[in-house]
Every structure is written in structure tokens, then in C-alpha cells.
Amino acid sequence: MEKKLFLYLSILLLSGCASVEKYNQQINKTHNPIDLREDVDYAYKKLVKLHPDVYWYVSKEELEESINKLKSELTKPLTTKEFYNLFAPVFTSIKQGHLSIHVPSIKQTKEQIKEKGKRSSPFHSVSFQTSDKKLFVRKVFKGDTTIIEGSEVVKVENENVNDLLDSFNKLHASDGFNKTFMPEFVGSRFGFFYSNTHKPNDSILLHLKLKDSLYSKYIYADYDKTKVSTKKDSTSVQDKKWSKVDKKIAKELRKKTRKKNFKYGYNKKTKDYNRNFSFLESDTLVGYMNIKSFTNGGYKDFYKESFAKIDSSKCKNLVLDLRGNLGGRLTEIDDLYSYLTDKEYVFIEKSKMTGRLSFLYPYFHTKSWGTKTMATMLSPILGIYQMFKVKQEDGEAYFKFKHSKLRKPKPNSFKGKVYVLIDGESFSASSILSTHLKATKRATFVGEETGGAYNGTVAGMYAKVELPNSRINMRVGLMKINAPYQIEPDGYGIKPDISIKKTLNDKDEELQWVIDDIEKLD
């Protein structure tokens with residue numbers, strides 16, 4: 001056993017020493033058709049092995065026909081990016097929104113990092129959104145401040161944005177058959193898709209339009225290392241000497257800031273918080289909870305604090321804003337739901353997997369030799385844990401989360417009226433939470449159909465699959481997660497009770513409808 005472990009560790013160490021140059025050469029070169037067809041077969045084999053419901057929205061015959069057609073079209077050498085444009089539409093045709101396909105990025109050498117620092121994409125400095133098949137600048141984080149937020153992006157370099165949006169829409173998918181997710185997702189992830197399909201450049205030219213005026217601006221790659229002079233400036237003011245009292249006050253302030261950032265989920269890039277709660281200015285007291293993502297930081301203290309405020313204020317109306325919320329943790333949405341119901345509940349059903357040990361796949365198939373080593377050393381313990389958590393029923397493996405057990409509502413759960421604002425980017429965990437609120441008739445939904453499906457999704461844990469020749473990566477969900485409610489037809493999101501199409505004007509029409517409805521009812 002010790003010899004095997006030593007051999008395994010030695011192999012891992014040697015494989016980790018592969019040069020950056022060799023890796024970059026592998027993804028930059030053209031790959032012959034035989035190798036590309038091998039990648040297609042490899043991807044399908046892994047998908048069937050790991051994904052618990054490949055044929056949920058597409059038949060086996062349809063998918064294999066598309067795969068065979070793709071292989072027949074691979075007749076000439078292609079670069080990794082060229083192959084990606086053909087490969088991704090075929091595998092995303094299974095219509096599973098958590099299946100994501102990535103083109104490997106060029107790695108920096110140690111010398112390059114030492115000289116300039118780690119590189120971020122030019123798109124790191126700006127975010128986008130779509131409306132009526134057009135792309136707009138949503139926010140500028142840093143860089144050229146003369147790029148005006150709200151400007152329409154007409155062209156990127158020499159390519160029309162309409163053509164880019166059409167091609168990007170084929171490279172990913174929603175859960176099922178809804179039409180709301182992809183237009184919004186492609187807009188908010190425009191930089192990701194552009195980087196996947198184009199050569200990396202340190203500068204990219206945007207052609208923009210604001211009202212009737214046209215202008216062009218570059219966005220630039222960001223390097224995190226800046227040259228700092230070590231010479232002392234004789235004209236600079238000497239650092240202030242801090243007293244013990246000042247130091248203590250500063251320390252307490254930093255502690256409070258860290259605690260606040262953790263509770264509300266501070267986002268360093270956008271410089272705002274994931275979780276927000278306030279009372280709206282209205283004739284009637286209205287609580288407004290905006291959750292941008294069920295990730296980042298803590299959450300229990302936030303919900304405890306927010307619902308304590310709601311309870312003490314005798315607030316009778318709550319708006320839960322899930323627009324643009326792509327999901328996150330089951331534990332968080334379960335905790336939130338326990339404040340919104342007064343009945344015992346089961347949050348999710350047992351999660352179907354392809355096998356009892358597929359839970360362990362990510363630990364043994366990662367590029368981190370440290371993770372592999374730890375997984376190897378702890379494999380007996382992990383195996384036993386898996387045997388207790390995953391049960392075999394009628395030939396199928398099911399992972400049992402704690403959320404599959406009967407749950408109790410919070411003692412101070414909200415009893416008033418709930419409104420939920422949704423759109424195409426209300427996805428994954430947002431949709432699971434919305435399914436509960438919709439099925440139990442607990443809330444009025446306003447906006448557009450969610451991008452996530454009512455009947456569940458495949459997510460939970462993920463395996464990263466790297467294709468051997470092109471080095472394209474597939475992220476594959478390992479667990480089929482369903483709330484204990486189902487509707488027909490399958491493959492659609494949570495539909496709004498009040499349908500309002502989102503626009504980019506300054507007026508929040510969905511929220512205004514809610515306020516008007518509350519005041520009318522009162």
C-alpha cells in the first residue's frame with residue numbers, strides 16, 4: 001500500500017511539472033480530425049457516466065444522431081476554439097443549464113507573472129445586459145470612465161453585436177425549453193463567450209451608441225502587479241503616529257466591517273452587497289429583500305436580523321427580488337424558505353446520481369495534486385461516508401441531503417403577503433425556492449418566466465471533464481435535484497402571475513406594480 005501511494009504521489013508531482021509552454025502549445029495548435037472525433041466520443045462517454053439524466057429533455061436517438069453528424073463534419077484540422085464552436089451546440093442540446101463548456105485559456109509563465117502580475121480579461125472592467133436583442137453597457141467598474149453606462153454596443157472590433165449574440169446563444173442552454181434565460185445570460189456573460197471564441201488580446205475596441213451619437217472606446221486587460229518605488233519621497237508627509245486608543249478604534253472598525261461584509265456578502269468587484277433589506281417608501285409599510293445571489297459570505301444572521309425587523313414592525317407585505325439571481329447554496333434557500341412558511345415541509349427529494357461513488361469523482365479527477373493526494377489518503381473514510389449518504393433503490397443511486405428530511409418553519413416566520421420578482425436569470429436555487437412558493441400558493445410572482453425549470457435541475461456537485469486533445473473543459477452536474485412538486489408540461493420555468501417584460505428605463509415597472517397593488521388592496 002505504501003509503495004502504491006509513493007508511486008502515485010511521484011506521478012502527480014512529475015505531471016505537475018509540465019511546462020506552461022507545452023500546455024499553451026497544445027491548445028493553440030490545430031488538432032487533426034481523428035483526435036477531435038476522439039474528444040467527441042470521450043465527452044459523450046463521460047457525460048453518460050456522470051450525468052444522472054442526460055435524456056431528460058432530448059432522446060438518446062436525437063442526441064446520438066447529432067453527435068454522429070458532428071463527427072462526420074470533422075474532416076479538417078481545427079484549433080481548440082474552432083472546434084468549440086462546433087462541439088458546444090451539440091452537447092448543450094441536452095438542454096441542461098448547469099452543463100457548461102469552457103475553452104482553456106492561455107497560461108502565463110512565472111516570468112510573465114513576476115514582471116506584470118496575473119492577467120484579467122479586458123471584459124473584467126465592464127458588465128453588459130441585453131434588451132430586445134441589443135447589448136448595452138450595464139456598469140463600468142474601472143478603466144476608461146468615458147464609457148457611458150447605458151450605451152448600446154453596436155460592434156466589437158469589426159463584428160456586429162447581433163451576429164455575436166446569435167452565435168453565442170448556441171453555445172449554452174437553459175434548463176428545458178424556456179426562452180427567457182439565454183438572451184439575458186448571454187448578455188451578462190458576454191465577455192465569457194467572447195473570450196471562449198476569440199484570440200486573447202490585451203485591448204478590445206468597442207463601438208458604442210448613445211442616443212444618436214456614435215463613439216468608440218478600448219477596454220484593456222488588467223494586470224494585478226504595479227511597480228512601486230522603494231525610494232522615499234523627501235517631500236512626502238511622514239506617517240502619522242497612532243496612539244494605542246487610535247489603533248484599538250481602527251481594529252474594532254475593521255472587525256465590524258469584516259462582519260458586515262460577511263453577513264451581507266460584499267462583492268469586491270461591484271462594490272455592493274449580495275443581500276439587502278430595507279423598508280420601501282410607500283403609503284403602506286413594505287419590506288423589500290433583494291438577493292442577488294445565494295452565494296458569498298454568511299446568510300443566517302442576515303435572515304435572522306431581517307425577519308426580526310419585519311416581525312417587530314408588524315409589516316404585512318414583503319417583496320422578494322430574485323431578478324438576476326443565478327442561484328447558489330441549497331442551505332441558504334432552505335433557511336430563507338423556513339421564514340416564509342408556517343407549515344412543516346420537505347425541501348428537496350432524494351437526489352438521483354449515476355452511482356454510489358460518483359460523489360467522489362471530482363476529488364480524484366482534479367488538476368490539484370494536493371486534493372488527489374488527500375482524497376487517496378482519506379479514500380476509506382470517504383467511501384464509508386458515501387455508503388451511508390447514498391442509497392441504492394430499485395437499481396438507482398440516491399444521495400440524501402438533510403434537506404430531504406421533514407423541516408420545521410422558523411417560530412417568527414412571516415405570515416403576511418409575499419411578492420416575488422423574477423426574470424430569465426432567476427435560475428437554479430432561485431427556481432427551486434420559487435417552485436416551493438408557487439406550488440404552495442404562498443406568493444404572487446411578477447415579471448418574466450424563470451430561466452430555471454419548475455421541475456428541478458441537475459447540479460449539487462460538479463465534475464470537471466477535460467477532453468484529452470483539445471483540452472476543452474465540461475462542467476457536469478452530478479445530482480438531480482427536485483422540489484417535491486411537479487407540473488406538466490415539463491421543461492418550463494416558474495411563470496409569473498403578472499407578466500411584465502423587463503425594460504432598461506429608469507422606472508422599475510415590476511416593483512411599481514407591486515407597490516400599486518399593495519396600496520390598492522389597503
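Student: What makes strand E4 and strand E5 a pair?
Tutor: Two strands pair if DSSP finds at least two bridges between them. Strand E4 (residues 134-140) and strand E5 (residues 152-156) are joined by two bridges, so they count as a pair. They run antiparallel, and Phe136 has Glu152 in E5 as its bridge partner. The model is predicted: local features need pLDDT of at least 70, side-chain atom pairs count only at pLDDT 80 or more, and totals for chains, interfaces and linings use all residues. Residues are numbered from 1 along each chain as its sequence is written, and side-chain values use heavy atoms, with hydrogens and water left out.

Student: How do you know that E5 pairs with E7?
Tutor: Four bridges join E5 to strand E7 (residues 203-210), and the two run antiparallel. The rule asks for at least two bridges, so E5 and E7 pair. Lys155 has His207 in E7 as its bridge partner.

Student: What makes E6 a strand, and how many bridges join E5 to E6?
Tutor: Helices (H or I, at least four residues) and strands (E, at least two) are DSSP runs, numbered from the N terminus. Strand E6 covers residues 159-160, so it meets the limit for a strand. Two bridges join E5 to E6, which run antiparallel; Val156 has Glu159 in E6 as its bridge partner. The hairpin of E5 and E6 has two residues between the strands, and there Glu157 takes a positive phi near 55°.

Student: Which strands are the edge strands of the open sheet, and why?
Tutor: The open sheet has six strands in the order E12-E13-E14-E20-E21-E24, with mixed pairing. E12 and E24 are its edge strands: each pairs on one side only. Inside that order, five bridges join E14 to strand E20 (residues 417-422), which run parallel, and Leu320 has Val420 in E20 as its bridge partner.

Student: Why is the contact of Lys480 with Asp53 called a salt bridge?
Tutor: A salt bridge is a side-chain nitrogen of Lys or Arg within 4 Å of a carboxyl oxygen of Asp or Glu. For Lys480 and Asp53 the closest N and O atoms are 2.6 Å apart, so the pair qualifies. Lys480 is in strand E23 and Asp53 in the loop between helix H3 (33-50) and helix H4 (60-73), 427 residues apart. By this rule the count comes to 21 salt bridges.

Student: Are Lys480 and Asp53 buried or exposed, and how do you know?
Tutor: Buried means under 20% relative accessible area, exposed over 50%, and partly exposed in between (1.4 Å probe, protein chains only). Lys480 has 15%, so it is buried; Asp53 has 16%, so it is buried too.

Student: Why is helix H12 called mostly covered?
Tutor: Seven of the eight residues of H12 (residues 330-337) are buried. Among them are Leu330, Glu332 and Tyr337.

Student: What makes Asp283 part of a patch of negative charge?
Tutor: Patches are made of residues with over 30% relative accessible area and no salt bridge; like charges are joined within 9 Å. Asp and Glu count as negative, Lys and Arg as positive. Asp283 has 73% relative accessibility, so it is exposed and passes the limit of over 30%. Asp283 has its place in the loop between strand E12 (275-280) and strand E13 (286-291).

Student: Which residues gather in the patch of positive charge?
Tutor: Lys251, Arg254, Lys255, Arg258 and Lys259 gather there on the surface. Arg258 is in helix H10 (residues 244-264); its relative accessible area is 54%, so Arg258 is exposed.

Key
Patches are made of residues with over 30% relative accessible area and no salt bridge: like charges are joined within 9 Å, nonpolar side chains (Val, Leu, Ile, Met, Phe, Trp, Tyr) within 5 Å. Accessible areas come from the Shrake-Rupley method with a 1.4 Å probe; for residues, only the protein chains shown count as cover. The place of a charge is taken as NZ of Lys, CZ of Arg, CG of Asp or CD of Glu.
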